[in-house]
Amino acid sequence: MSQLKPFRAYRPRPELAAQVAAVPYDVVNTQEAAELAKGNPHSFLHVGRPEIDLPAGTDVHADEVYAKGVANLMAMIEKGTLMHEGLPSLYVYQQRMGDHVQAGLVGLCSVQEYENGTIKRHEFTRKDKEDDRTRHVTEQNANAEPVFLTYKAVPYIDHIVNDIRKLPPVYDVVTPDGIGHTVWVVTGEPVICELVNLFNGVPALYIADGHHRTAAAIRYGQARRAAAGASATGDEPFESFMAVVFPHDQLKIMDYNRVVKDLNGLSQDAFLAKVREKFDVAPAAHRSPKAPTTFGMYLGGAWYELKAKPGTYPAEDPVRGLDVSILQENLLGPILAIDDPRTNTRIDFVGGIRGMDELERRVKEGYAVAFSLYPTSLTQLMSVADAGEVMPPKSTWFEPKLRSGLLVRMYEG
């Protein structure tokens, strides 16, 4: 079973929603965040990236950064930029990117379900990022940004959500990147109870995006539980965290591509000879691959198509059969000496939203070679998570990204 509980969100006054809505903290650096929030005191980046309001060069992990995040969030509440929902509610959050539309439910999910494996992950997290977000959650006493979860679609849940989407929304904004974000408040007790009961029948939730935000909420809940000791009942606010849960068949995973700074001392001809040991290599008709186990490679001003040779990878293994694993184990590791892509500074990762022109640009500006990958599928993601395994780093790039600030959850009590 899966928990999805209503809560009283803090959310923007409708006339300010477009100004408050901001990209998630982890898709921009400090300079980009400052530029996006420039001239906009209502931007939620003042909460997610509070260092933008401090002197340039301030350490993002300095005490004053966390204190500024608290002050900015409290100011948004005290000034009425964010208003408090009158009754516990669920919310429908729809995103539109071109012809692609996805609609999920926003509610509170269970810390204990993460602990027992009912909420499943597919990535490792980095301790430094966990520590940073945990401190933000702890000091703000809030889930300022939602976690992005998915579940195997349930037609009747879709039916209820679609009926809600026929009603007038509380927000319908288009952000500067052209993506539409629409929110409905679900307040009717019968509908809320029905949705809660339906999720009780959902066997598992899967983290799609936001592993560090999830880990931060879990660590916060565990710390508060430990502090409560024997008086804890298991139903305290700290035993849950805010998430958007989308049906799996509505989500869009894009490619997550790679660029490498050098050829590990090899000439282009020697490099290509080694690549041909595990891949069929030919001039590419397309810059991005059109099928699994096929890769694009930009080298020396030309695009090549690489097809993994049968028998060079374990196709039935849920992790090692992934395209990102095939490239890592058969090329990046043995040929280019990218032993650990999580820490090796010679490799960088380029989200598919940036397109193939970005790969060409990076090579023309100094990288030696670029690789384009076929997107990981939701089925593959769920298979890895169901097996209790994790994917290699940078395996999935979800678009569109959730906007922060439209719904905020304060821990009350």
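User: Where is the place of Ala337?

Analyst: In this predicted model, Ala337 sits in the loop between helix H11 (323-332) and strand S17 (347-351).

User: Why is Ala337 called partly exposed?

Analyst: The relative accessible area of Ala337 is 34%, and because buried means under 20% and exposed means over 50%, Ala337 counts as partly exposed.

User: What makes the phi of Ala337 worth a remark?

Analyst: Phi of Ala337 is near 60 degrees, a positive value in a residue other than glycine. Most residues other than glycine have a negative phi.

User: Where is Lys394 found, and why does Lys394 count as partly exposed?

Analyst: Lys394 belongs to the loop between helix H13 (378-386) and S19, and phi of this lysine, Lys394, is also positive, near 60 degrees. Its relative accessibility is 32%, which lies between the limits of 20% and 50%, so Lys394 is partly exposed.

User: What makes the peptide bond that joins Glu399 and Pro400 a cis bond?

Analyst: Omega of the bond joining Glu399 and Pro400 is about 0 degrees, and the bond is cis. Most peptide bonds are trans. Pro400 itself is in the loop between strand S19 (397-398) and strand S20 (409-410).

User: Which residues touch the most other members of the largest nonpolar core?

Analyst: That core has 62 residues, and those touching the most other members are Phe271, Leu306, Leu331, Leu336 and Phe371. Leaving aside neighbours within four places in sequence, Leu306 is in contact with residues including Val275, Phe279, Leu331 and Phe371.

Terms used. Residues are numbered from 1 along each chain as its sequence is written. This is a predicted model: local features need pLDDT of at least 70, side-chain atom pairs count only at pLDDT 80 or more; totals for chains, interfaces and linings use all residues. Side-chain values use heavy atoms; hydrogens and water are left out. Helices (H or I, at least four residues) and strands (E, at least two) are DSSP runs, numbered from the N terminus. Buried means under 20% relative accessible area, exposed over 50%, partly exposed in between (1.4 Å probe, protein chains only). A nonpolar core is a set of buried Ala, Val, Leu, Ile, Met, Phe, Trp, Tyr and Cys residues joined through side-chain atoms within 4.5 Å. Contact means heavy atoms within 4.5 Å.
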